[in-house]
Amino acid sequence: MLGYITADTENLKVRDFRIYNGYYCGLCKSIGDNYPEILRTQLSYDLAFFACLLSSVTEEEEITRFEHCIAHPIQKRPVIECEAVDYAADLMIILAYEKYLDDVRDKKNSDAESSSASNSRRDSTELEGSAASVLSGKTEEKSDKENPDETEENSPEDARFLNQRNESMALGHKVASSGWIRTASIPALQHAYRKACINQRGRAERIHDDLSWLHAVERSKLGDIDLACECFSEVLKTCADGIRTASGNRRKRILLALCSALGKWIYLIDALEDLEEDLSSGNYNPFIYHFGGPEKIGPKEKKQILQEGSLLLYHYLEETAADYELLDIIRSRDLLDNILYLGIRKQTDRILVKLADDFGIPKSEVLKEKTEEK
């Protein structure tokens, strides 16, 4: 995820703050137990929220321990252990690797455009095979091999993956030096992805397909904002669909509807915040192409984008809250209330205020008056 789902810590009770940290530390511990230690650095509170949300609709038992760690050697911290936390840890690895592939793809496309369009298309196609080859590999392969290169005989799918892995690693070092992931964690992430795909095989394949759909929309530079949002919301729905909810299908349907609305909000707020950067870099942004492309975006269009974007953001916030109110929560309700009623609303207002200041637009034209808080 993208770091937008956070609690309003100023209004968070001490007890709920400990629970919040408990999910975060539980994720950190699960990743450390099952994956290379360096990948703990990729944790975010987005995934802590997601683990909490999934756990809140299941009847599984949670265990809370108080433990030291290298980051907190003096005072013990709460660590929540449950199926939802382990599941969220697998999702983090899968999503992190997909984000890494996206960064490499963007870098390749940028380099290829300066040389030839044909090379760009070829490199992009080759990179798509990197994740697909892992997803189509043999599940019987041991996930705990020290080095997957050191097998006596690799399958064609594995050989393809290894070739593409080496190629993406070489370029990935350049991406990492100024981008999202640190160079040292790239090989660890690629190895962890293979294991996560075995743990969540069907889920990993569906996430990859959902993101491929989103990439196709972005490559086509479509100005259909609803379609782009729908693509990203499918990713979040696919992630949520992998957990067993209590009380059967009704709770699952509501959970998926909530994740759909929340996914659309995440995609839109990221697109709005990155508007100026995307105008400069030429990266895809649905708002830009909704108004005809970068060359047609001026001060008037920016104002329209912000006004239209704010209406959509508040709409999806209300839709998320409405679905949440229908969801039968088993635990951590106060924490989830804080995040879904206060935290993401605060993020929305913060980004809209910043953009209004940047574009010289009165805040009253983009901010929605707050109703009585839950």
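Two strands pair if DSSP finds at least two bridges between them. Helices (H or I, at least four residues) and strands (E, at least two) are DSSP runs, numbered from the N terminus. The structure is a predicted model, in which local features need pLDDT of at least 70, side-chain atom pairs count only at pLDDT 80 or more, and totals for chains, interfaces and linings use all residues. Residues are numbered from 1 along each chain as its sequence is written, and side-chain values use heavy atoms, with hydrogens and water left out.

Strands β1 (residues 63-69) and β2 (residues 72-81) run antiparallel and are joined by six bridges. Two residues lie between them in a hairpin. Phe66 has Pro78 in β2 as its bridge partner.

Arg206 lies in helix α7 (residues 201-220). Its relative accessibility is 36%, so Arg206 counts as partly exposed (buried is under 20% relative accessible area, exposed over 50%, partly exposed in between; 1.4 Å probe, protein chains only). Beyond residues up to four places away in sequence, Arg206 touches Thr238 and Asp241 (contact means heavy atoms within 4.5 Å). Cys239 is 33 residues from Arg206 along the chain, and their C-alpha atoms are separated by 9.0 Å.

Helix α10 (residues 275-281) holds Asp278. The side chain of Asp278 makes a polar contact with that of Asn285, at 2.9 Å. A polar contact is a pair of N or O atoms within 3.5 Å; within protein, one must be able to donate a hydrogen and the other to accept it, and residues adjacent in sequence count only if both atoms are side-chain atoms. Neighbours within four places in sequence aside, Asp278 contacts Asn283, Tyr284, Asn285 and Ile288.
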